[in-house]
Amino acid sequence: MNQPILEVLSGTMKTPPPIWMMRQAGRHLPEYMKIRATAKDFIDFCFSPDKAAEVTLQPIRRYDMDAAILFADILLVPIALGRSVTFEKGVGPILNPISPEDILSMPRDMSVLEPVYETVSRVRSELSKDKTLIGFCGGPWTVATYMIEGRGSPQKQKAKHFAYVNSDAMDQLLSDLADASADYMIGQAKAGADVLKIFESWAEGLAPAMFDRLVIKPTQQMIKKIREAGITVPIIGFPRGAGLNAVRYAHKVKVQACAAGTDMPLNEFRGLIPAHMATQGNLDPLALRIGGDVLKSAVGQVLSTMSGPHIFNLGHGVAPDVKIENVQAVIAHVRGGDPKYV
Ligand code: CP3
């Protein structure tokens with residue numbers, strides 16, 4: 001096993017820790033913007049294996065990250081379930097909101113996702129053997145919030161309300177999403193993904209019993225199906241912002257690592273999760289935008305509070321206004337080099 005990230009995910013502590021960053025491929029990179037400008041729209045970009053493979057590899061070439069993350073989006077699965085998904089500049093994703101009646105007869109065409117598997121296999125064949133390729137999907141609850149609300153919203157009030165008052169429809173939707181997402185993850189693993197990650201980005205603000213029902217149960221269903229298909233690659237769960245609910249997630253969902261959002265105290269979290277479980281995170285993305293001494297001190301805090309098998313990352317994604325020099329400085333700092341923060 002010559003991938004540092006796979007060693008950590010098998011429960012081995014590495015010093016320095018391996019590093020990659022969520023949204024490392026994206027608008028802060030001029031080489032990304034160049035390819036982005038050639039795509040018809042964001043969805044078309046995700047479904048173009050030549051372009052998607054190229055932008056997946058860009059952060060590895062520029063930064064020598066320990067992992068590449070597949071360039072795609074968590075909102076591709078709703079397309080396979082017959083929903084319309086578009087991305088509007090300055091607004092974000094727009095979907096046709098789903099009704100309880102729609103959920104009763106949701107179509108499914110997983111073949112629309114095949115270009116993504118082609119991207120995975122192209123990237124794996126070009127990536128050096130010591131680098132990890134991470135495939136991903138959204139957590140069923142997080143994807144459901146977009147399908148119900150039709151767009152991103154700060155509090156997810158509409159989706160939470162729907163979960164209480166249309167509980168049968170909600171449970172059906174989550175079960176269908178878990179099932180389709182499992183197939184999607186199986187497809188990515190078969191195409192060459194070394195690790196799979198489940199982005200439960202909207203795990204915050206749920207009452208504990210709702211967290212169990214909306215997050216833990218469907219994620220267990222998804223992972224059971226992935227394992228029953230004979231897929232053995234490690235899985236990273238990311239119940240972002242879940243607070244103490246993340247501890248129950250770490251014990252009940254069979255993931256090999258639990259990624260921490262910005263607000264999670266890594267040292268305290270370590271004491272509450274299974275002994276050999278890996279952790280990942282959780283540099284404040286705002287500190288990465290600010291740079292200078294703010295960033296230096298924030299990196300120092302992550303390095304001093306992490307323990308055991310850990311993968312260095314952000315608590316959420318790289319923002320478009322992040323300076324390339326600061327990403328380079330964080331990597332140098334983590335690897336024990338001479339960081340030049342700006
Ligand atoms: O991390 C990576 O570099 C891999 C690729 C990746 C993208 N989206 C590319 C992307 C991953 C892992 C995602 C996951 C994703 N997508 C999540 C979960 C993680 C998170 O950020 O919380 C969510 C909630 C989405 C849904 C989504 N996609 C939103 C809300 C937006 C719009 C926000 C924005 O930045 O405009 C996207 C678009 C998106 N996905 C972009 C990228 C690089 C920006 C699109 C562009 O180039 O204009």
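This is a predicted model: local features need pLDDT of at least 70, side-chain atom pairs count only at pLDDT 80 or more; totals for chains, interfaces and linings use all residues.
Residues are numbered from 1 along each chain as its sequence is written, and side-chain values use heavy atoms, with hydrogens and water left out.

Start with confidence, given as pLDDT (the predictor's own score for each residue, from 0 to 100). The chain has a mean of 97, and 100% of its residues reach 70 or more. The lowest stretch is strand 2 (residues 85-88), with a mean of 96, and the highest is strand 5 (residues 195-200), at 99. Helices (H or I, at least four residues) and strands (E, at least two) are DSSP runs, numbered from the N terminus.

Now for the ligand. Around it are 21 residues, with Arg-23, Arg-27, Tyr-32, Asp-73 and His-316 the closest; to count, a residue needs a heavy atom within 4 Å of the ligand. Sorted by class, that shell holds 14 nonpolar, 3 polar and 4 charged residues. Here Ala, Val, Leu, Ile, Met, Phe, Trp, Tyr, Cys and Pro are nonpolar, Asp, Glu, Lys and Arg are charged, and the others, Gly among them, are polar.

Some polar contacts (pairs of N or O atoms within 3.5 Å) stand behind this. Arg-27 puts a polar side-chain atom 2.3 Å from a ligand oxygen, and a backbone N or O atom of Arg-23 is 2.6 Å from a ligand oxygen. Asp-73 has a polar side-chain atom 2.7 Å from a ligand nitrogen. On its own the ligand exposes 860 Å², and the protein buries 87% of that (Shrake-Rupley areas, 1.4 Å probe).

Back to Arg-23, this time for its backbone: its phi is positive, about 60°, although it is not a glycine. Arg-23 is in the loop between helix 1 and helix 2.

Pro-16 is also found in the loop between helix 1 (4-9) and helix 2 (30-36). A cis peptide bond links Thr-15 to Pro-16, with omega about -5°. Another cis bond runs from Gly-281 to Asn-282, with omega near -20°, and Asn-282 belongs to strand 8 (residues 278-283).

Methods:
A polar contact is a pair of N or O atoms within 3.5 Å; within protein, one must be able to donate a hydrogen and the other to accept it, and residues adjacent in sequence count only if both atoms are side-chain atoms.
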